[in-house]
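Hello,

Here is the structure you asked for. My notes follow below it.

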2 protein chains.
Amino acid sequence: MEIAMRTRLQELLGIKYPIVQAPLAGSDNPELVAAACNAGVLGSFGAQYLTPDEIRKALARIRSLTDKPFAVNLFSQPRKQPPGDHQIAEESKRLSKYYAEFGISTPLADAVKTGIDPDAQFQAILEARVAVFSFTLGIPNPDQIKELKKASIILIGTATNVKEARALAAAQVDAITAQGSEAGGHRGTFAGEFEDSMIGLMALVPQVVDAVDIPVIAAGGIMDGRGIAAALALGAEGVQMGTAFLTVEECAVHQNYKLAVQNHDADDTTITDVFSGAPARGIKNKFIAENTGRHPLPFPFQNALTRPIRNAANKTGQIEYTNLWSGQAGRLARRVSTKELIGSLMSETKDVLNKLATDSA
Amino acid sequence: MEIAMRTRLQELLGIKYPIVQAPLAGSDNPELVAAACNAGVLGSFGAQYLTPDEIRKALARIRSLTDKPFAVNLFSQPRKQPPGDHQIAEESKRLSKYYAEFGISTPLADAVKTGIDPDAQFQAILEARVAVFSFTLGIPNPDQIKELKKASIILIGTATNVKEARALAAAQVDAITAQGSEAGGHRGTFAGEFEDSMIGLMALVPQVVDAVDIPVIAAGGIMDGRGIAAALALGAEGVQMGTAFLTVEECAVHQNYKLAVQNHDADDTTITDVFSGAPARGIKNKFIAENTGRHPLPFPFQNALTRPIRNAANKTGQIEYTNLWSGQAGRLARRVSTKELIGSLMSETKDVLNKLATDSA
């Protein structure tokens, strides 16, 4: 039961099935990425919140578990001007009740301002000669693109509208992930108005496919064979699935998060910037309710301020206080191994396609 | 080149192809509806803004042009408390520059408050014994449902989230239109939070299909055979297309509106309540830019206040001053006859499905 190696994307990435396990910065782990690769799809590791040393360690771990190619993902945003000490102090004060609740200390303003050097992260990934570098929220600068190309690293960029897709194609990426408004986690928008770039996959994929000549990967709300078949029908050459991998055995997020993903209704997620300062889709909870309407610091500074709260909450499964990124179809997630998931997805896809072809004969 | 009559929806509606021409209140016309019916799909007439007499006249005209079944559509909202004279006067004053620009008189406050009696509209449709009554933004009351059933009228309700789909099924409708966030025109949301019910079709359709036992029609951003094949893959038994019918020969909207639909990018539409007081998706223009951020009167009172402006603008093609409802894939619209459109759609759908089945063999 498999889709034959027919799409350019499968050839480009050397994968058996036209599926990418989405990077889940903060929720993925080397075991998940390797399990995805070993099951015949492209595993992705979200390196956004890690130091260069942590990145090197994680990549070594993935390589000890699989000899297949995998992707590493970063946010490609230009570095922002840090907020002033006063602003950081005010926001820390606002969050103090959470620090108190979890018995953790307030992050130091200097650490919040400095954060992790994106250039050093990029360098660690480049030097590791990963097979695929995927990115979102922007485009690496021309020098970086040149270096990646020289290292024969395949590039996958993220577009939320057609303008971004054209810009990525012009920057010589090898494939484009079309991120629909259905998707969980951070929105990749970097050109055009944010709200109006909340474009559903049904509308986004065909227009991106028509606009560029490179393979398009559909991402957002795809959870089963119905979604994969639909994405292929729209002209995508593969799908990227994130939420579907949150609940597999190899994903180490807390049991309570997994249950929340499986139990939420389609309208129980919302777009929020309260956790990181950048808009992302997650399941509504107490932290969102208590903090919506205030103005967080910009990403990544707000992220640095809330991270200790979220880490503590994650550890103990207090999911009302952490980011529960999830797409709009979390309810369709299943508790199986990565290998079982991929097997079911491909057999479902084939069944859907065969049934439709018979019906339309 | 046709999809065989296989879905329950096609049997229910007695249509050759699994397509519904969406009601386009204000932009459709009897000739378009009849052309859709005669081409083998379900035509729909949007009666929302018409008096009972106008409705009767339009239905008679449709019946003179086709002997096929068709749908008539209303907003099923409970009647709202009208705003006070002072509020109406203030809003009229704010809009006075547009009245002046088009040389039209300010609507009378009494007419704005009274509007068209929704019960009388409903009665006109019931008495006309139309084949199908479709509705959005709510559910007719139990007495109305009983009367419609007694008259053997098929009921199609609109859901933007799973809760609404369950409520519609419980109210004994015969089919459900799942309206994705991609869709142009008014949002149908009537239960749950508006913003969080902006659910993309890729996520919405499978969850609605899983939640109810009746046929589901996918609506939003579907413009060609790729979209139809994708909707069927997701488990829909048919599609509803609105924007695709705006540009056909039989649709009488101004040439400039048709060009705007074909030329807008996916992120050139926005959700706005400036025209009617209720949120709807349309192409961004001057009127939206000038009025966003203010608080319009609730629907239908704001609609009554802006209607003369829009009517005047429509007539002369001054599209910066009227509602250009359009979904997120207007660019894929084509200038052909209704019959040609349907023929192409079905042949494309078949091609997509055959190719995918071959690829996955």
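Predicted model: local features only at pLDDT ≥ 70, side-chain atom pairs only at ≥ 80, totals over all residues.

Residues are numbered from 1 along each chain as its sequence is written, chains are lettered from A in the order in which they are written, and side-chain values use heavy atoms, without hydrogens and water.

In the model, 56 residues of chain A are in contact with 56 residues of chain B (heavy atoms within 4.5 Å). About 4,300 Å² is buried between the chains, 54% of it on carbon and sulfur atoms; this is the accessible area (1.4 Å probe) lost on putting the two parts together, summed over both.

The rule finds ten salt bridges across the interface (a side-chain nitrogen of Lys or Arg within 4 Å of a carboxyl oxygen of Asp or Glu). B:Lys284 and A:Asp196 form a salt bridge at 2.7 Å, N to O.

Chain A superposes on chain B by a rotation of 180° with 0.0 Å of shift along the axis, at RMSD 0.0 Å (least squares on the C-alpha atoms of residues with pLDDT of at least 70 in both). The two copies are therefore related as by a two-fold rotation axis. Both use the same surface, since 100% of the contact residues of chain A recur in chain B. Within chain A, the residue closest to the axis is A:Ala230, with its C-alpha at 1.9 Å.

Regards
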